[in-house]
Amino acid sequence: MARKNASTTYTDKTGKFAEGNPGRPKGARHKTTRAVEDLLDGEAEGLTRKAVELALEGDTTALRLCMERIAPARKDTPVNFDLPPMKSAQDASQAAQAVLQAVSEGQLTPLEGASVMALVEGYRKALETTELEQRIAALEATK
């Protein structure tokens, strides 16, 4: 099926961009975004002052807006619990057991436990790779 606008676009027959046409340059902004930025240029201080005034007068939307800027919702919190040291890939099972224990005792939420477990797994893989490299190097050295 032939495309109706094929002659006016920079694409080949399959619809992909033709050679040498990279599309919009990196960092280029849409014309609407540029227009809004031009309108707001130099007005940030006045708009902020007005939002604060409205919030102080009891406008709940303005109050919420100001509070979100002053004290944004925390996306991540530090966790504190005992985790045994991992010196080898085999130590990962003890670390995993410590994470499960912390979740079961309520020291960590299940979501926090899953995040820590992912870190333990990543570290285990790094340790395992290091151990394998050392073993391969030792085997090659004996040849």
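Helices here are DSSP runs of H or I with at least four residues, and strands are runs of E with at least two. With that settled, I opened the predicted model and counted five helices and zero strands in the chain. Reading from the N terminus, I get α-α-α-α-α.

**Overall numbers**

I looked up burial next: 15% of the 143 residues are buried. The chain exposes about 12,400 Å², and carbon and sulfur atoms supply 57% of that. For contacts between residues at least 6 apart in sequence, I noted that 33% join residues at least 24 apart.

**Core**

Which residues form the largest nonpolar core? I found ten: F81, M86, A92, A95, V99, A102, L108, V116, V120 and L127. Helix 4 (92-104) and helix 5 (110-142) are the elements giving two or more residues to this core. Helix 4 has the largest share, with four residues.

I then picked V99 and checked its contacts, skipping neighbours within four places in sequence. V99 touches F81, L83, L108, G113, V116 and M117.

**Nonpolar patch**

Helix 1 (residues 31-40) gives the largest share of the patch, three residues. I looked at L40, which sits in helix 1. Is L40 buried, partly exposed or exposed? L40 counts as partly exposed because its relative accessibility is 45%, and the band for that label runs between 20% and 50%.

**Salt bridges**

My search of the whole structure turned up five salt bridges. I went through some of them.

- R29 pairs with E37, with the closest N and O atoms 1.9 Å apart. Both partners are partly exposed, R29 at 46% relative accessible area and E37 at 36%.
- E68 and R69 meet at 3.7 Å, N to O. I have E68 down as partly exposed at 37%, whereas R69 is exposed at 60%. A network of salt bridges links R64, E68 and R69.
- R124 pairs with E121, the closest N and O atoms being 2.5 Å apart. Where do the two sit relative to each other? They are three residues apart in helix 5, so about one helical turn separates them.

R124 counts as buried because its relative accessibility is 18%, and the cut-off for buried is under 20%. E121, at 33%, is partly exposed.

Conventions. Residues are numbered from 1 along each chain as its sequence is written. This is a predicted model: local features need pLDDT of at least 70, side-chain atom pairs count only at pLDDT 80 or more; totals for chains, interfaces and linings use all residues. Side-chain values use heavy atoms; hydrogens and water are left out. Buried means under 20% relative accessible area, exposed over 50%, partly exposed in between (1.4 Å probe, protein chains only). Contact means heavy atoms within 4.5 Å. Accessible areas come from the Shrake-Rupley method with a 1.4 Å probe; for residues, only the protein chains shown count as cover. A nonpolar core is a set of buried Ala, Val, Leu, Ile, Met, Phe, Trp, Tyr and Cys residues joined through side-chain atoms within 4.5 Å. A salt bridge is a side-chain nitrogen of Lys or Arg within 4 Å of a carboxyl oxygen of Asp or Glu.
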